[in-house]
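Subject: Structure for you to look at

Hello,

Here is the structure I said I would pass on.

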Amino acid sequence: MKLSEIKEILPALEHVEFQLENGTFVPEHFHVTEVGTVTKHFIDCGGTIRNEKVINFQLWNANDFEHRLKPGKLLGIIKLSEEKLGIEDGEIEVEYQETTIGKYDLEFNGKTFILKNKTTACLAEDACGIPVEKQKRSLSELTPASGGCCTPNSGCC
């Protein structure tokens with residue numbers, strides 16, 4: 001989800017809710033403790049230099065059980081970050097701590113923001129030597145080519 005999308009969604013909401021893919025909700029007393037830009041400059045295993053840039057939201061739970069972040073307040077935090085940090089539109093990545101800090105992509109299901117699990121992948125599979133996964137087929141699916149197959153007593157073997 002892009003920053004521009006969340007800015008369009010927030011004014012229509014009564015509450016801001018975040019939910020993990022497994023159905024667990026982020027406690028409703030969460031705080032958004034950071035909004036910023038994270039830039040990653042790196043080289044992949046194939047030798048290609050890459051740059052990635054995301055808009056980062058950090059969610060945090062405190063012992064402030066009466067806290068409820070309203071959509072207008074989050075929109076204000078976003079606008080302030082755009083003004084003060086020069087943040088431009090981009091993909092949002094959410095940091096949220098369960099047993100360790102996790103990074104999530106963000107989607108919206110019409111009511112709730114969904115923290116989508118991120119995965120790692122090789123960015124240079126062709127240069128890395130990772131074998132292409134072979135298609136698995138059962139022997140019963142293989143059909144003999146017409147005329148090119150040996151049959152018992154045909155003398156081909």
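**Salt bridges**

At a relative accessibility of 36%, Arg68 counts as partly exposed; that term covers values between the two cut-offs, since buried means under 20% relative accessible area and exposed means over 50% (1.4 Å probe, protein chains only). This is a predicted model, in which local features need pLDDT of at least 70 and side-chain atom pairs count only at pLDDT 80 or more, while totals for chains, interfaces and linings use all residues. Residues are numbered from 1 along each chain as its sequence is written, and side-chain values use heavy atoms, with hydrogens and water left out.

Arg68 forms a salt bridge with Glu28, and the closest N and O atoms of the pair are 3.1 Å apart. Glu28 is exposed, with a relative accessible area of 53%. A salt bridge here is a side-chain nitrogen of Lys or Arg within 4 Å of a carboxyl oxygen of Asp or Glu. Side chains of opposite charge can pair when their charged atoms come close.

A search of the whole structure finds eight salt bridges. Another one joins Glu93 and Lys118, at 2.8 Å from N to O. Glu93 lies in strand β4 (residues 92-97) and Lys118 in the loop between β6 (113-117) and α3 (125-128), so this pair ties together parts that are 25 residues apart in sequence. Glu93 is buried, with a relative accessible area of 8%, whereas Lys118 is partly exposed at 35%.

Asp44 and Arg50 also form a salt bridge, their closest N and O atoms being 2.7 Å apart. Asp44 is buried, with a relative accessible area of 8%, and Arg50 counts as partly exposed at 26%.

**Helix α2**

Helices (H or I, at least four residues) and strands (E, at least two) are DSSP runs, numbered from the N terminus. Helix α2 has 15 residues (71-85), which at 1.5 Å a residue should span 21 Å, and its end C-alpha atoms are 21 Å apart, which agrees. The expected span is 1.5 Å times one less than the number of residues.

Which residues of α2 are buried? They are Pro71, Leu74, Leu75, Ile78 and Ser81. They cover an arc of only 120 degrees around the axis, which puts them on the same side of α2; the arc is that of the directions from the helix axis to the C-beta atoms. On the other side of α2, Gly72, Lys73, Glu83 and Lys84 are exposed. The cover over the buried residues of α2 includes α1 (3-9), β2 (30-43) and β3 (49-61). After α2 comes Gly86, with a positive phi near 70 degrees.

**The whole protein**

The protein has three helices and six strands, and from the N terminus on they run α-β-β-β-α-β-β-β-α. Of its 157 residues, 31% are buried. Among contacts (heavy atoms within 4.5 Å) between residues at least 6 apart in sequence, 65% join residues at least 24 apart. The protein exposes about 11,100 Å², and carbon and sulfur atoms supply 50% of that area.

Regards

Conventions
Accessible areas come from the Shrake-Rupley method with a 1.4 Å probe; for residues, only the protein chains shown count as cover.
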